[in-house]
Amino acid sequence: MENKTLYQTLENRDNPDYILENGPFKCTWSNSWVGHGYYFWDTFIENAHWWGVNHNKNKYIIGEAEINFSSSLCFDLVGNTKHMQDFHRSIELMRANGLIKSKTTVARVIHHMKDTLKIFNYGALRIYGINSKSKTSQFDFRLFFEFNKKQYLDYKPAIQICIYNFKDLNFRNWEIVFPDQYNIDYMV
């Protein structure tokens, strides 16, 4: 099992005490990428800042926490090729049953795996939203393999972990790490 540091970007409503006591917070947007859950940026705080700058108009708070991470607890579509194959097989099964349409989303496939196929028994899901960040963003970390070629390495990719159920993940050490005035370790 691996220890992972996660970051949640929140709108800054000048309520750090409320955030510390009640966070993290569940996303219930109708267009949530992989369904309703607690969305976190995996490992790279720069992605949490990117979200705050671009989606919260620079008025944001970043909460940090740790979890126990393993592929037995988290359906990992970033680093576990077996999980990627399971996801592909689910899409093919849905396609064979006429359930894949041009507007089918990742969230729809995950819901089908959970509710219909009953093969998704994980407390979390790990994904990489390719092309989430603009290549002109200050938070873009691309390094090209060859000069004048388009292929690149994203060495701080926009990987998210969506937690559906905190059971077994040993969620701990929830604290505010940005902005500095809300960080209990910050000294003037």
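Which residues are buried in helix 2? I began my notebook with this, and I found N47, A48, H49, W50 and G52 buried there, where buried means under 20% relative accessible area, exposed over 50% and partly exposed in between, with a 1.4 Å probe and protein chains only. I noted that the model is predicted, that local features need pLDDT of at least 70 and side-chain atom pairs pLDDT 80 or more, while totals for chains, interfaces and linings use all residues. Residues are numbered from 1 along each chain as its sequence is written, and side-chain values use heavy atoms, with hydrogens and water left out.

I took helices (H or I, at least four residues) and strands (E, at least two) as DSSP runs numbered from the N terminus. I then looked up what covers the buried residues of helix 2, and the cover includes strand 1, strand 2 (38-42), strand 3, strand 8 and strand 9 (172-178); contact here means heavy atoms within 4.5 Å.

I also checked the backbone on either side. T43 is found in the loop between strand 2 and helix 2, and T43 has a positive phi of about 70 degrees although it is not a glycine. T43 counts as partly exposed because its relative accessible area is 39%. Helix 2 is followed by K57, a residue other than glycine whose phi is positive, near 50 degrees. K57 sits in the loop between helix 2 and strand 3, and with a relative accessible area of 75% K57 is exposed.

**Entry: helices 3 and 4**

How do the axes of helix 3 and helix 4 cross? I read that the axes of helix 3 (residues 81-96) and helix 4 come within 10 Å and cross at roughly 90 degrees, so helix 3 is roughly perpendicular to helix 4. The axes are lines fitted to C-alpha atoms, for helices over the stretch in contact, with angles from 0 to 180 degrees between N-to-C directions; angles under 35 degrees count as roughly parallel, over 145 as roughly antiparallel, 65 to 115 as roughly perpendicular and the rest as oblique. On the helix 3 side I listed D86, F87, S90, I91 and M94, which meet V106, R108, V109, I110, H112 and M113 in helix 4.

The buried residues of helix 4 are A107, V109, I110, H112 and M113, and their cover includes strand 4 (74-76), helix 3 and strand 5 (124-128). I looked at H112 in particular, which lies in helix 4 (residues 106-115) and counts as buried because its relative accessibility is 5%. Apart from its neighbours within four places in sequence, H112 is in contact with M94, L99, L117 and K118.

I then turned to H83, placed in helix 3, which counts as buried at 4% relative accessibility. Leaving aside neighbours within four places in sequence, H83 touches S71, C74, F75, D76, L77 and Y122.

**Entry: salt bridges**

I counted twelve salt bridges, each being a side-chain nitrogen of Lys or Arg within 4 Å of a carboxyl oxygen of Asp or Glu. The side chains of D14 and K59 meet at 3.8 Å, N to O; D14 is in the loop between strand 1 (2-11) and helix 1 (16-22), while K59 is in the loop between helix 2 (45-55) and strand 3 (60-69), 45 residues apart. E46 pairs with K156, with the closest N and O atoms 2.6 Å apart. E46 lies in helix 2 and K156 in the loop between strand 7 (152-154) and strand 8 (159-163), so this pair ties together parts that are 110 residues apart in sequence. I also noted one network in which salt bridges that share partners join E2, K4, D42, D76 and R126.

**Entry: cis peptide bonds**

Where are the cis bonds that I looked up? One joins G23 and P24, with omega about -5 degrees, and P24 lies in the loop between helix 1 and strand 2. Another joins F178 and P179, with omega about 0 degrees, and P179 is in the segment after strand 9.
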